[in-house]
Amino acid sequence: MKPKYLNPLIDYIFKKIFGDEKHKEILISFLNSLEIESQGRKIVDLQILNNANEKRFKRDKFSILDIKAKLDNGDLVNIEVQILPYDHMLQRTMYYWAKLYSDQLNQGEDYGALNNTVVVNVLGYNQFSHKKIHSVYQIRDKESGEKLGDFLEIHFLETRKIEESQQEINEDLKGWLLFLSDPENQRLMKLGKEKEEMGKAINLLEELSRSREERAIAEEREKALRDELSFRKAALEKGLREGRALGKEEGRALGKEEGRVEGRVEGLAEGLEKGLEKGALQEKLNTAKRLIQKGMALSEVAEITGLSSEEIEGLR
């Protein structure tokens, strides 16, 4: 049986609910629940900058459906939702922050015209090993903790930690996390009546879920994302198999070479040892000859050189 509601963490559905200028109060409420430090106040208004992404999505099922917004004080926010693990998510986050920040300036404009930039990542998987559900990163001094400036602020919401996390967060954020992770939870009905923006979000999700067209698009999007993950896993597994096979082959070749090298080393060592033994014996024989020539008794020659009587007899 299909769930009553579509998954709001599917980026297409998330953007439909939070990224529409017609009901931007939903996004304002969500951002205010994050208590963005660089704002130091409640966000009153904003402008959604990239409504055109939906048209591009219908042509390209793998396009990125993020939400870019300009706040009433000029600061920029980029919100992205990822339902499945993404390789190099942290590097990707920094790249998109840097691009959003640097793209503000036209050639010849002063750096003072740059506005603060906030990135929000809403995740359907666990990115970090800690128990926190809401993580905020800024640039601060290593020892004093003093903030370098307000121009960078990055938020991660790990929705799967909603049950296990003991982190203290405000009630509004708890509500939005419940909406994103468990939209059929009965507590949401009460929240929808208490919070106007939450009620609008629930109503929008209901409308989208009832629409055959929207449900088909959302399910196709989710399938495309899962297929992409499967392709990545398959490529990784293939790489591991090939790596193991290559490692075994190289190991066997290395073993053979090491065997040849070891054989050569042992042969050299054995030859050297035999050579030294032969040289020592020859030296003893030469000494024995000189002693015999001087008229020394054979028994005394044997005692001095360590040679056997047979070896000495052979010198006469």
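**View 1. Helices α2 and α5 cross with a left-handed sense.** That means the near helix is turned anticlockwise from the far one by less than a right angle (clockwise would be right-handed). This is a predicted model, where local features need pLDDT of at least 70, side-chain atom pairs count only at pLDDT 80 or more, and totals for chains, interfaces and linings use all residues. Numbering starts from 1 along each chain as its sequence is written, and side-chain values use heavy atoms, leaving out hydrogens and water. α2 spans residues 25–33 and α5 residues 171–181; they pack at about 120 degrees, axes 8 Å apart. Helices here are DSSP runs of H or I, at least four residues, and strands are E runs of at least two, numbered from the N terminus. Axes are lines fitted to C-alpha atoms, for helices over the stretch in contact, with angles from 0 to 180 degrees between N-to-C directions.

**View 2. A closer look at the contact between α2 and α5.** From α2 come Ile26, Ser29, Phe30 and Ser33; α5 brings Asp172, Leu173, Trp176 and Leu180. Contact means heavy atoms within 4.5 Å.

**View 3. Six strands make an open, mixed sheet.** The order is β1-β2-β3-β4-β6-β5, and two strands pair if DSSP finds at least two bridges between them. At the edges sit β1 (46–48) and β5 (134–137), each pairing on one side only. From one strand to the next, the twist averages 20 degrees.

**View 4. β4 and β6 run parallel.** Seven bridges join β4 (residues 117–123) to β6 (residues 152–158). Val118 stands opposite Glu153 in β6.
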